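Here are some friendly notes to read with the model open beside you. Take the points in order, and turn the view as you go.

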There are 4 protein chains.
Amino acid sequence: MQALLSKIFEDVKPLMGKGKVADYIPALASVDPNQFGIAIFSNEGDLYQIGDADTPFSIQSISKVFSLTLAMKHYGKDMWQRVGREPSGLPFNSLVQLEYEHGIPRNPFINAGALVISDMNQSRFASPHYAMSEFVRRISGNPEIKTDLQVADSEYEFRHRNAAMAYLMKSNGNFENEVEDVLKSYFANCALRMSCVDLAKAFNFLANKGYCTISQEQVISEEEARQVNALMATSGMYDEAGHFAFQVGLPGKSGVGGGIVAIVPGRFSICVWSPALNKVGNSCAGVAALESMSKHIGWSVY
Amino acid sequence: MQALLSKIFEDVKPLMGKGKVADYIPALASVDPNQFGIAIFSNEGDLYQIGDADTPFSIQSISKVFSLTLAMKHYGKDMWQRVGREPSGLPFNSLVQLEYEHGIPRNPFINAGALVISDMNQSRFASPHYAMSEFVRRISGNPEIKTDLQVADSEYEFRHRNAAMAYLMKSNGNFENEVEDVLKSYFANCALRMSCVDLAKAFNFLANKGYCTISQEQVISEEEARQVNALMATSGMYDEAGHFAFQVGLPGKSGVGGGIVAIVPGRFSICVWSPALNKVGNSCAGVAALESMSKHIGWSVY
Amino acid sequence: MQALLSKIFEDVKPLMGKGKVADYIPALASVDPNQFGIAIFSNEGDLYQIGDADTPFSIQSISKVFSLTLAMKHYGKDMWQRVGREPSGLPFNSLVQLEYEHGIPRNPFINAGALVISDMNQSRFASPHYAMSEFVRRISGNPEIKTDLQVADSEYEFRHRNAAMAYLMKSNGNFENEVEDVLKSYFANCALRMSCVDLAKAFNFLANKGYCTISQEQVISEEEARQVNALMATSGMYDEAGHFAFQVGLPGKSGVGGGIVAIVPGRFSICVWSPALNKVGNSCAGVAALESMSKHIGWSVY
Amino acid sequence: MQALLSKIFEDVKPLMGKGKVADYIPALASVDPNQFGIAIFSNEGDLYQIGDADTPFSIQSISKVFSLTLAMKHYGKDMWQRVGREPSGLPFNSLVQLEYEHGIPRNPFINAGALVISDMNQSRFASPHYAMSEFVRRISGNPEIKTDLQVADSEYEFRHRNAAMAYLMKSNGNFENEVEDVLKSYFANCALRMSCVDLAKAFNFLANKGYCTISQEQVISEEEARQVNALMATSGMYDEAGHFAFQVGLPGKSGVGGGIVAIVPGRFSICVWSPALNKVGNSCAGVAALESMSKHIGWSVY
């Protein structure tokens, strides 16, 4: 495995820096694009890593999977009244579909859906971001995971489109808390800094029937773990989910920090990271690395 | 397996007839809703069946997978210039997205996408429907498979929305042949009559790395078979693909005739059939049967 | 004229109470639907009135014309960089077009457009609502005109859809001030209470080449007055502007308080009021009264 | 008047050739852009003209007003069940709104609306294009008006988008005749060749309460003439109707051949022509000439 990882790393390395680092907030725009890391964590607890796999980065939308997991633990099936499970076919921050579908977002991984999930967690936890931080530290086994407050503040300063979505949902009766409060929790969660190794570990429960070997807890049920994977498979990669299923064939979730998490059910959790993005917002080198891995190892679930 | 099939059949039987038979053309509206069959075909050649599994029905959109397969065999990767691979997030016969995306349909399983695929096959085969019929007879091992000409004619008579899509794509330069010719081939393919047993057999190559044990041919490559499964997983169930992935977790393709085909990669191909449809156009009892199977056997790929 | 007014009043009276009083906020829902008034004010200063023409009501969207006038006085042609002049073809509070057109509202009379105009006035006036109140008192000659603070507060409490629009424009760089501040000014302006007589007088400058005979001031230039009338003619009546032009043929502006103002260029300003609305949000009896007037007097400008 | 015409002609002449001749069909693309003519016809029968006012050109969408007039003469108010009277807010050949509004076009001047009107005339006349030709020859007093068959054929060859609209309406039950037949009539009407003088004369009935002084017939009633003018005022200038009302203030109808007809109710009918178009499809020099006229003479109806 380690040999294979080295081969893939060398093959894909030339793509490092190709694409464009997210620049909608200054704090993200200053990241060095020439970074690239891979970490693989097996259900048996073996860790394989290469490149900048220990460097923390802004997890951004990858946090949506953690938020969803926390909400599923608490709300169970009832939560699907407020958010759908269908792919959206539109940019991740579109208001059009939200308008046509009366404030019910299509799935938990578009921004509107993640905001509704955050609203649920806001209703449940005294401090949703504290709960989230504690959760990711526990399931990754890394008590040092921190939030980049500068990124969180900067996201909040440029919150307007997300605020528009939240207010539109509030006008449709699908938002319980104050918009500003939920936005602050949401941005703080996006601003968590974790490394490939942290994320590969933290996501292992999804490859392992809902069980986290690190914290030794059943995070969610086996059925729920499959459901989260199904949602990632159909909606986890912005407007490239179909292409990713076609080329890679694994449930995955990306973030504009350049990280991508992927799950090989029953076997591995993977995290790749490289900050330069393609035009739909996924890491160029990251997607290429996962395609290469899938081709070499035949990991497609399909 | 046979015992399990009996149990599922009994559990789901009460749903038979719930929902509404497709009635947009008279020839489909007259089908008896109280029919229900299941067939499972294993990669080893074992066949399990129950209920009306030998009764032929109109395969309708299930034919889109066969058309896609024929096009992939001939055009390879070039075909993806003309049709996308992303879920659509809109009804299967919507013109809105086609307009916004300049005549490039989102995937091969919405109507517009299937029309483009049919246009490709029209350019390639002297008689596309003859080629298709011969193909499905061969891979199902049933030389008796026929086209319901009354259904084909009736679909053609009510062709207007599909004609609108085809003309819109032609105005965008994404349609090579005469609209009327392609529509006739397309409707003839939809009007093929096959049973659950026929379809379970004909789809087995997708569970078996592209190889058909019946005709003993490599229909498409292993990689291509996975790609077709990935497309079914993200876009095969109309506007319920996400829900189906969440609940069933298998690549699937449905038709308004009430049939649903599903693939357990590496193991089985399945066909369920019951004519009464839910509001997005999928068989009510069919979806329930696959949910029950998935729950009892843990077949989800995720 | 007075005789004609009596005839029209009697003809249309049976429609009084037909339709539905605006009920999106409690303060408006409690208005008695069985009220109906008409006032006509001539360029020579003659006033004709009938029914409840002296009863103050919530002017709501009619205030958008006053806001536009104040902005035009200050910004001149530059303002049209930030708001268009085309009819919208969608509901007055739709976010869809705003999204597709990158935060530039189609015209000053849809909500998004009026919010941009309010944002302009917010940048200009220390207290935009004070400036507005003073303006309408002056041009109507009625120093007693007041704001219904309960309505303003209630609108603010249910501000969410308007807040969504404002934030969407802010995310597109088309909003200068704090969203909350502008919303407060905007709702206060909508909550002004004026009678038919007040409004007929206050709108006379649009029938009179921009000159107000009451305050004896050139409010805007003759050309600008025609331009405001043109905007009312193409976009003043929600999604019924075309129908209103077809049936009535006068520039008009309606509000969900049940008021409608119309202009006979060179001759008269008219205000009709009856609180029960048709399904696009215009006063049922009000539209009927103006149709009847137009038919009897041949006032259509076309 | 003639002196004024000369002045406007000289002022606007430098704009002649600015913009881009319609090039979606070869027959239109070859027109010399350096042509410019104006004709004004008064209700008293006086004719003023300058420049290339006697040169015939392809009237294109201006024919939609003639088709509407013929349909109104026959169908009266019933026709408004099948086509709306509201501005569209979208490009003239958009399918989006048609889809959302279930095949009922927003007004008779977008392509979908004109196709429905043509379908009405197809149901009524043995030869709709013959009826149309005879009508325009009669009301213009020019028996030499001809159809450019090469343009008609070329439009038909590139009919695909219009065919898509017609089929979409047919799928919604709002189209009675064969799509191909109606398209042929429709394109033949668009391909009529008339000069500025012809059109100024032919449109005079709309300035003259429905009465044509040339053929000495009441073409439509005074009320209907006002209604046609109202439709032109709100929807006659593609996606520039609001701007045209704002700047010119007259009912107008343009065509991609570069002609624009405008009405000064009670006084004049005007036709300007110059083939080079702005980006929404209206003649650059034509719009400028009408703006200049309106400014110099104060013709705005508002």
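1. To compare copies of a chain, they are superposed by least squares on the C-alpha atoms of residues with pLDDT of at least 70 in both. This is a predicted model, in which local features need pLDDT of at least 70 and side-chain atom pairs count only at pLDDT 80 or more, while totals for chains, interfaces and linings use all residues. Residues are numbered from 1 along each chain as its sequence is written, chains are lettered from A and ligands numbered from 1 in the order in which they are written, and side-chain values use heavy atoms, with hydrogens and water left out.

2. Start with chains A and C. Contact means heavy atoms within 4.5 Å. Because 100% of the interface residues of chain A are also interface residues in chain C, these copies meet through the same surface.

3. Now look at chains A and B. Chain A is superposed on chain B by a rotation of 180° with 0.0 Å of shift along its axis, again with RMSD 0.0 Å. Here the C-alpha of chain A nearest the axis belongs to A:Gly89, 2.3 Å from it. Both copies use the same surface, as 100% of the contact residues of chain A recur in chain B.

4. How many residues of chain A are in contact with chain B? There are 32, and they touch 32 residues of chain B. The two chains bury about 2,800 Å² between them, 55% of it on carbon and sulfur atoms. Buried area is the accessible area (1.4 Å probe) that two parts lose on being put together, summed over both.

5. Next, the charged pairs. The rule finds 2 salt bridges across the interface of chain A and chain B (a side-chain nitrogen of Lys or Arg within 4 Å of a carboxyl oxygen of Asp or Glu). A:Arg106 forms a salt bridge with B:Asp239, and their closest N and O atoms are 2.6 Å apart.

6. Finally, the helices. Helix H12 (222-235) and helix H13 (241-247) of chain A each supply at least two residues of the side that touches chain B; helices here are DSSP runs (H or I, at least four residues), numbered from the N terminus. The largest share of that side, 8 residues, comes from H12(A).
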